[in-house]
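Please take me through this model in the viewer, one selection at a time. For each stop, say what to select and what is found there.

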Amino acid sequence: MDGAVIGIWLAALLTLGIMSFVYRDNLYYKICEAIFIGISAGYWFITFFWDSLYRIAWIGIVHEGRYVLLGGVILGAMMLMRLFGKIGWIARWPLAFIVGATAGLKMMVYFTTNAMAQIHDTVYDTVTAFSGGDLYNLIGRLVILLGTVTGLIYFYFSKEHKGIFGGVAKVGTWFLMITFGASFGYTVMSRMSLLLGRIEFLLTDWLKLVK
Amino acid sequence: MKHQIPMLILSAVGTLLVVSVFVPSAQHWGEDATLYFDIIAVFAFFLGGGNLIRVHTEKVSHKSAGWIYSVVTLLGFGIMLVTGLFKIGNPNGIAGDLSKSGSYFQLLFQYVMSPLNSTMYALLAFYVASASYRAFRAKNTEATILLVAAFVILLGRTALGVLLTNWIPAQLSVLQIPNLAIWIMNAPNLAGQRAIMIGISLGVISMSLRLLLGIERTYLGGDS
Amino acid sequence: MKKYQYWLILVALIIILVIVPKPLEISPTASVIVTILLGLALIWVLVLTIRGHLIGRRVVFLFIGASLALPFFMNFEMPFKISPEVKTLYDALAKLPPGSKVLAAFDYDPPSAPELQPQADAFMAYAFKHDLKVIIMGLWPQGPQQADMAVAKALRQPEIRAKNLRYGVDYVNLGFQSGNEFVIQRMGTSFSGMFPRDIYNTDYNKIPILNGVENFSNIDFVFNLSSGYPGTVEWVQIAVDRYGVKLGAGNTAVQAPSVYPYLSSRRLTGLAGGMSGAWQFELATQEPGKASTYVLPQTFSHTVVIAFIIIGNAALIVGYRRSKRGEA
Amino acid sequence: MIALLRVAKFVVSLCSLLFIVSFLPGQSVYSQDTASSVNNLPPITVKAYDTENDAGSSITVEWSDPGYWRREGFNGYRLSRKNVASGIEDSLDVLPTGHVLHEDRSVSDDSSYTYTLAVLINGANLTSTSTEVVRSSKQWFDNRLTWVLILGLIICGAVIYFIESAKRGTKLFLRRIAGLEAIDEAVGRATEMGRPILFIAGIQDMDDVQTIAGLTILGSIARTVAEYDTKINMPVCTSLVMTAARETIKHAYVTAGRPDAYNDDMVRYVTNEQFGFVAAVDGIMVRERPAACFLLGAFFAESLIMAETGNSIGAIQVAGTAMPAQLPFFVAACDYTLIGEELFAASAYLSGEPRQLGSLKGADVGKAIAMIVILVGVIATTIASAWNSESMLWIENLLRQMFSTG
């Protein structure tokens, strides 16, 4: 028996172990789960270690002289102060840095690529459809226009959903429901494909029942 | 002191990064901040990994329920650390690429972690089916709309949709299910997506401002 | 069920597995019979549900398992239609003259491989047959390995093997780079800054195919296979919006709806979404592969899901409801 | 607070200054050369100018080829650069057909240069005369982002205005969100049943705003949990989230006056691996049978696995995410779902603090602007194209300029 055969058997047994969970929680699943947690936690630690600590920090600072990265190392070291009860509060500094950076960066990213680009596209697409003259296209664009505006009204917080406003918001929820339905419908396919991949592995690579 | 300094760091870093977007020579600050984040995350992992080891060793030493699984977890973690740190079996030795095929680390990934990963993901097929059976029902207007949209797309993205509506003449081809599915994706679905996306970006802006102005600060902890 | 019954089932399964001929294939007639049996079982579930017995989730699971596994042994012909998104993608590829440099970004990992690997295989085979120069990279750690598999598979085809393609001249794998969308942004200035070396540790400047490739302006087409973040959305937002590259993508079915907005605003040139997208892409590029095998079991499983949605609603319309939440 | 406002004011004035400065004319050189006319084609025109909106050290060279590239034996363009002061000449890259522009990033802001372009046709190189002297410089403001800045300032200004006015005691109305009202009920039910609650803040790290939004909601939930003396269980998949979540819960226990009841083990790290984490959470769900599950943060494919498992054990589930692709699954399998923006608004709602609520009102102004712009834009451009109205055309162009972010 060569290594690859052992590997395939191992993979097949682990596959079956995880699958057994859909019947119910059991000893076999618990073992697979424990293996999974241990192995994957180790995998990511090692990946981070070589990719971030070694390649970015060590190579970057020592070999490439990018001393600006020292700041990251200092903040990282502060994180470890958590281990020492008395000065544990210093760990809040790197945390504050991360939250501040995330807030600042994401605010701009979301604003330009989500809000502005989407508003631009909505206006521009509708206009193109008007001048294009294709009725099918035009109806589609008007639906987008209606859906985007009513959808935004649904998200409007400072007005009660009553009367006309409530009616419009209701139309907005219908559009959201279509969006959810569409995502769901599109997704079912991919989920089936995933299981397909595993079943194919069991039938072909492991049991060799199918060519 | 314990509160003002983190607050100051937060506001300063956030504001600077917002401003840096507009200044060409500072536009790379965002990337640097991400590198900082990566480095901090590795250091933090010593805390997380430490927590993992502590929780499971405690379970083993107290022989509490299911301690045997903790032994398995610790073993898995340890094996991965040893094979990965020393790059055991790597054809290029310690200087080799981590994902080099042939190394023990890579073998463990390929034959243990990868099948576990794919199978756990694949379980979704079962859950999607049971969710469809139980939850997608025309209970009210909203649920009905969701159901119909899902149904048309589902049919439209499979060969079944082609089979069912191939008889519809070319003039009315818009009504063929695959085309209807495309229309739903391109029009009402897009509208909903856009409303959600614009809403989210405004939500992010107002939350970021709450964070930068120090109004929202629960995650920075108490006075202990 | 008692304990020994499980063991009996297990032993029976093992015996069946040992005695069946391998590979196992059933005739078209038998395929029809199995399909009818499956249909009858569904009708039985419908009757049960209408009479007020909601079936348990495990029965649903059993149906899904059966509908995915059984078609592997069957033989049927399937009708198809290539959707406009896939057509656009194929046309964009077909328009590229030989020698064009294509950047292939592999942003997914093994769990998404069933859907994306067939597209990767078809793409590689197509690119190699049409003399496109492929530059591979990944924003996901495991992406470049998936690319390697596709390359290896394509190189096994006799027609491609005859071309004697050389690594570094006809294709190159730059490997994974962490940093998500910032990698794309930096590539806008300099590829070599983000990828100083390829996966074999060769210097960027010493790789012939990369000669003269400084940034996106030297790339003719970008093909992105994506199953989440970072992926097609980031490629559109940065590579297309800021650097004006031409981008086509293959996405998992889940990911696809969220990139549709870009398709309609033409920032994305073509999209193959999910398994049927992969299947259509295989047909368009004339590289039949795994997606062609998968499409039958997939159709079966979809039919079962659709049937369950209908059954669930039939029960509701007939008016039986179960007050208790839980198992069902 | 005042200090912060001052900082903000400073930043604003600085930005406006930069904005004005950025309009000052830059150097631009245009030279027409007289290359060999052997081929009866007009000479190739080359111009070089400082690359706009950059951090310096870059000159853009642009040329228009009247048709040399169609000639047989065309091999590309070779660009040469001469340093005016030192006289050193460098040959730059050879560029294939189709290129009409090259950005030279190997220049120094301290030197001036001239460029020449050679068309390579079978060794017979046709060289243009050199461009006028050009020097690169850095810009202090990215012109392309002017409208981003203005619109951003309007929306941020609205948020800050409403925060301030709420602080001064102006009453603000906000509609109810069903999912949020269910939170107390869910915690209450867990207390009655004597079972724990499970909180999952998504599977992303602290660099995702959704994770931060999840943690801010955790703050409110943890306070209720501390008051009711319920057990909270929070497996996390990254170490930074573990640290931040511990701070959050600890703070909530302190605020509720029960610091002694807090324990670090309420939050534990499992694994960074998406599905490894899911395997563990599923295990926890079926073994510990929490009475309530909160799934608030950034979720990917695992959303439905968790939500369905939670559903199968009969837990009350409140979910929320800004991942559009995962929302349908939460809607299908959970009792309440916070959709997109509601996730970010939730902590402000739950805190009930006027300043936080004010920020939501500010975001509403943004939505109003978005709707008005979309409607006005569509109406204006339609009229513009139908009746060729000058003023409407002006509005159309303005809007297009405003919202193109490239």
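Start with chain C and colour it by domain: domain 1 covers 16-77 + 293-318, and domain 2 covers 84-288. These bounds come from an automatic or database domain assignment. Between the C-alpha centres of domain 1 of chain C and domain 2 of chain C the distance is 37 Å. The model is predicted, with local features needing pLDDT of at least 70 and side-chain atom pairs counting only at pLDDT 80 or more, while totals for chains, interfaces and linings use all residues. Residues are numbered from 1 along each chain as its sequence is written, and chains are lettered from A and ligands numbered from 1 in the order in which they are written.

Next, show chain B together with chain C. Here 37 residues of chain C are in contact with 35 residues of chain B (contact: C-beta atoms, placed from the backbone, within 7 Å). On the chain C side, select α3 (57-69), α8 (181-187), α11 (256-264), α12 (274-285) and α13 (290-318), each of which supplies at least two residues. Helices here are DSSP runs of H or I with at least four residues, numbered from the N terminus. α13(C) gives the most, with 12 residues. Colour this side of chain C by class to see 21 nonpolar, 13 polar and three charged residues. Ala, Val, Leu, Ile, Met, Phe, Trp, Tyr, Cys and Pro count as nonpolar, Asp, Glu, Lys and Arg as charged, and the others, Gly among them, as polar.

Four residues from domain 1 of chain B and four residues from domain 2 of chain B make up the contact.

Definitions and conventions
Contact = placed C-beta atoms within 7 Å.
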